Amino acid sequence: MIDDVTTAVEGVHKSVADLPLLVLGEITPFKETLDEVKVTQDQTIGAVYGLVRSINAQVRRLTTSIVD
């Protein structure tokens with residue numbers, strides 16, 4: 001369940017972060033540069049939420065081994 005919530009929050013985070021880049025891409029001549037920024041931004045956001053999922057998995061394994 002935590003992974004599902006994390007994925008949902010990641011999607012919202014990416015959507016909110018994308019909006020300014022989309023608007024700037026429409027009103028400035030820097031669309032290609034902004035596309036590169038978006039790729040880097042998506043990778044960074046993905047890495048952060050990937051780390052959250054990894055930590056949650058480790059906590060899950062640790063608590064499961066303690067309970068067993």
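In H1, a kink of about 30° lies at aspartate 18, shortly before proline 20; the bend at a residue is the angle between axes fitted to the seven residues ending there and the seven starting there. The model is predicted: local features need pLDDT of at least 70 and side-chain atom pairs count only at pLDDT 80 or more, while totals for chains, interfaces and linings use all residues. Residues are numbered from 1 along each chain as its sequence is written, and side-chain values use heavy atoms, with hydrogens and water left out.

Helices are DSSP runs (H or I, at least four residues), numbered from the N terminus. The 26 residues of H1 should span 38 Å at 1.5 Å a residue, and the 39 Å between its end C-alpha atoms agrees with this; the expected span is 1.5 Å times one less than the number of residues. Buried residues (under 20% relative accessible area, with a 1.4 Å probe and protein chains only) in H1 are Thr6, Glu10, Ala17, Asp18, Leu21 and Gly25.

Helix H1 (residues 2-27) packs against helix H2 (residues 31-67) at an angle of about 165°, with the axes 10 Å apart. H1 is therefore roughly antiparallel to H2, a term for angles over 145 degrees. Axes here are lines fitted to C-alpha atoms over the stretch in contact, and angles run from 0 to 180 degrees between N-to-C directions. The crossing of H1 with H2 is right-handed, the near helix being turned clockwise from the far one by less than a right angle. The contact of H1 with H2 has 10 nonpolar, seven polar and nine charged residues. Ala, Val, Leu, Ile, Met, Phe, Trp, Tyr, Cys and Pro count as nonpolar, Asp, Glu, Lys and Arg as charged, and the others, Gly among them, as polar.

Helix H2 contains lysine 38, valine 59 and threonine 63. Their accessibilities are tabulated here; partly exposed lies between the buried limit of 20% and the exposed limit of 50%.

| Residue | Relative accessible area | Class |
|---|---|---|
| Lysine 38 | 26% | partly exposed |
| Valine 59 | 44% | partly exposed |
| Threonine 63 | 40% | partly exposed |

Between C-alpha atoms, lysine 38 is 10 Å from leucine 19, at 19 residues apart in sequence. Valine 59 and histidine 13 are 46 residues apart in sequence and 24 Å apart in space, C-alpha to C-alpha.

Definitions and conventions: Helix = DSSP H or I, 4+ residues; strand = E, 2+ residues; numbered from the N terminus. Parallel < 35°, antiparallel > 145°, perpendicular 65-115°, else oblique.
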